[in-house]
Amino acid sequence: MERFDFNAANGCLTINGELTVYEAEPARLYFLQHCTGGALRTVDLSGVTEIDCAGLQLLLNVVRLPEPARLVSASAEVSALFSLLQMDHLLDESGGLTA
Amino acid sequence: MNLDLALQTFLEESRELLADMERILLDLEAAPEDAELHNALFRSIHTIKGSAGMFGLEHVVAFTHVVENQLDRLRKHEIVLTKDLTNALLQCRDHIALLVEIPDLADETMQVAGDELLQVLCADNPHDGKPQKPEREGGHDRREAWHISLRFDSDVLRHGMDPAGFIHYLNKLGTLRSVTVIDDALPELSDMDAENCYLGFEIDLVTEAGQQEIKQVFEFVDGLCELKIVPPHSDLHDYLLLLEQLPEGQQRIGEIFLASGLLTRAELQQSLTQETVDDSSSGVPCEQVQAELSDQPTPAADSALEKQQQNREKKANQYLRVKAEKLDQLINLVGEMVIASASVSLNANSGDETATRESAAAMSLLVEEIRDRSLQLRMVPIGDTFQRQQRIVRDVANELDKEIELVITGADTELDKTVVEKISDPLTHLVRNACDHGLEPRAKRIAAGKATKGQLRLDAYHESGAIIIEVSDDGAGLDRERILQKATERGLVQSDADLTDQDIFNLIFEPGFSTAELVTSISGRGVGMDVVRRNIEALRGTVEVHSKDGAGTRFRIRLPLTLAIIDGFLSSVGDCTYVVPLEMVEECVELTRFSQNTNKQSDFLNLRGEVLPLLRLREHFRVTGATPRRQNVLVVNYGGNRIGLVVDDLLGEHQTVIKPLNELFSRVKGLSGSTILGTGKVALILDVPGLMQLAMSCTPVQEKESPSVVAAQQKLIH
């Protein structure tokens, strides 16, 4: 399974594995590559096994884009962090991909 | 940025803290009123809890939380430190040690064991026996929460610390009423450094914890986090002041305060518009208020704590943690260097060049110093090992219902780390034995007219290049008749043998000597005295026992300072070279016809009117070749006894790197190791205590000597 997988067809970026300070820089570069120009629509977090504040910063950046991407299908780890920091509203619980 | 490393540090720190805890608990028994001890005890458990929380070791946090509560009540004098409570606390300490050391053990049985312990611990206060976090829903009082304002340093993530971890831990301390992530400083993806932390947090926490406790959550991240705390029910002024201090601006943070109910819209508006007026009209200079804010609630207590903190940091800076392995490698290399430098000196001295000789001499001086310094690195005080016995004595005394006082002297005596580690078990065994068999039960002591409280002593001191450790008690002493009877039963001695008291006492070290009848739950299981002796001898040490009927027993352990490199004295017999540890050599004299008595049965020398038994190495080791016209005597002293070793030539001092002898020669008496000379030749290190025994025994050495000595010698030479 790829660490990051961007599906250009539906604009969905899937992240697998850890999203911590150790992986933050490669993740940022990958984001940069695909986030420009509103190509990024959703970020699928179902495969994230661990997340820290470095990962959080990246996601915050994604939702702050001029055309914000939605954070969907948060894994338990991601949900736990967002709920601890009382940021649940940033997670899109409706899940699934938009057409 | 390495979490494993951080975890390792946590483990080490916890071990130290737990050791502290044990020591303090024992000290408290003697001085139950000492407030400083109470605080120190509380601090140690609190730090463990805090660090464990950092690493998400929830079961440790849950358990320590209850213990901490109890300690808190203790220091506030709500409860009294009884013997039972000390017992319970000590057991809890052991449990925490288990939890910390083996995180995988967080299973049911541990949980049950933990709960049982807590129930005992909180027997006086049953509802506290379960780990629980204080839970109260907010809603009544808008300023009942602590307001915590956090701005993390950009490097915090690189140090392996996750800000979310701290908030997670705060969540355990109470209820997080509101958390707001301040991401104002977060740059765009293209401009950010993904490993920098750009986040800040505004937190409202409802908790019963105090300011110190909240501060201590962030102890780990000290210097990497700007922390501002406003206690519950603070003045409006304090909140407004905080607004001014935060970098994001009053409007932005003001809205957050508003949302969490710390401020009302009116109050915020007022502060925003009247800002300037407020400052001049309040009558309190701004700086002064700031000072108040940072020092509340009790400036004195706060500064005391900070002072302690500084002290601790100072202490931490004085030490450097180094892996023992690295030190071992260094010592090995130094050993090789010593050998190489001996070879350099030898070559230099065989040539004619004075300059080379001088440089070689200068180098060997330096090498010697490096050797001493690097060996010093491995020296640790024996105190910790002694301290550990405190607990054992206490537990054993409880179990046997005896009163025992442990007196320790010379705890700062230093010896090689390896030796300290390996002496711990034999020492524990001797201590247990002394408590169990040595000291009599209370009734017997009273009958014997002694104080009911038995005394056990642990002493350590230096004596001519060796360390002496003594374990002594003021008990009944060894039962001579009983030992003799047992030894006869086991066939260790002939029933008609003529034995001195000392000979009989030494029988307890014999392998076949079992204390089966004396077995209790304390001693008599596990290792016997023969294993104690074997362990000590494996360290090139000796153990002897002295006993006085009715007055006590004393075990004297004599250990070499180091196991690696010693100063030796070289001498030769025929083609063989021998090394004697220099500190044992008293003097060298020439063997003249006048002074010696060549009676085969009793070979001795008249040394200034004193009888000096002689041991002729040539005969002892069966060295071939003609005896030279002139022979020398090396007078060696060990443990107060002197003998003369007869050798051919005296070769002088030599830095000796001790190499162990092959297993094959382990049973050879009189040799303790080998070393390599500058020439590449092997020299044998003499086991002076062993030789002494041989020389002092009545039977002529030649008959007693085992053939393997010759074999060993031949093998090593050829």
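Mentor: Let us take B:Glu440, which, leaving aside its neighbours within four places in sequence, is in contact with B:Lys402, B:Arg445, B:Lys450, B:Asp474, B:Gly475 and B:Ala476. Bear in mind throughout that this is a predicted model. Along chain B, B:Glu440 sits in the loop that runs between α17 (417-438) and α18 (442-447). Although it belongs to a loop, B:Glu440 has a relative accessible area of 9% and is therefore buried, the cut-off for that word being under 20%. Two of the residues listed as its contacts, B:Arg445 and B:Lys450, also meet it through polar contacts between side chains: the one with the side chain of B:Arg445 is 3.0 Å, while the one with the side chain of B:Lys450 is 2.7 Å. The contacts also include B:Asp474, B:Gly475 and B:Ala476, as well as B:Lys402.

As for confidence, chain B has a mean pLDDT of 78, with 82% of its residues reaching 70 or more. Some stretches call for care: pLDDT stays under 50 over residues 518-526 of chain B, where the model has 16 contacts beyond four places in sequence, and pLDDT likewise stays under 50 over residues 698-718 of chain B, where the model has 35 such contacts. For the model as a whole, the scores are ipTM 0.90 and pTM 0.50.

Terms used: Residues numbered from 1 in each chain as written. Chains lettered and ligands numbered in written order. Predicted model: local features only at pLDDT ≥ 70, side-chain atom pairs only at ≥ 80, totals over all residues. Heavy atoms only, no water. Helix = DSSP H or I, 4+ residues; strand = E, 2+ residues; numbered from the N terminus. Buried < 20%, exposed > 50% of the residue type's maximum accessible area, 1.4 Å probe, protein only. Polar contact = N/O pair within 3.5 Å; in protein donor to acceptor, adjacent residues only side chain to side chain. Contact = heavy atoms within 4.5 Å. pLDDT = per-residue confidence, 0-100.
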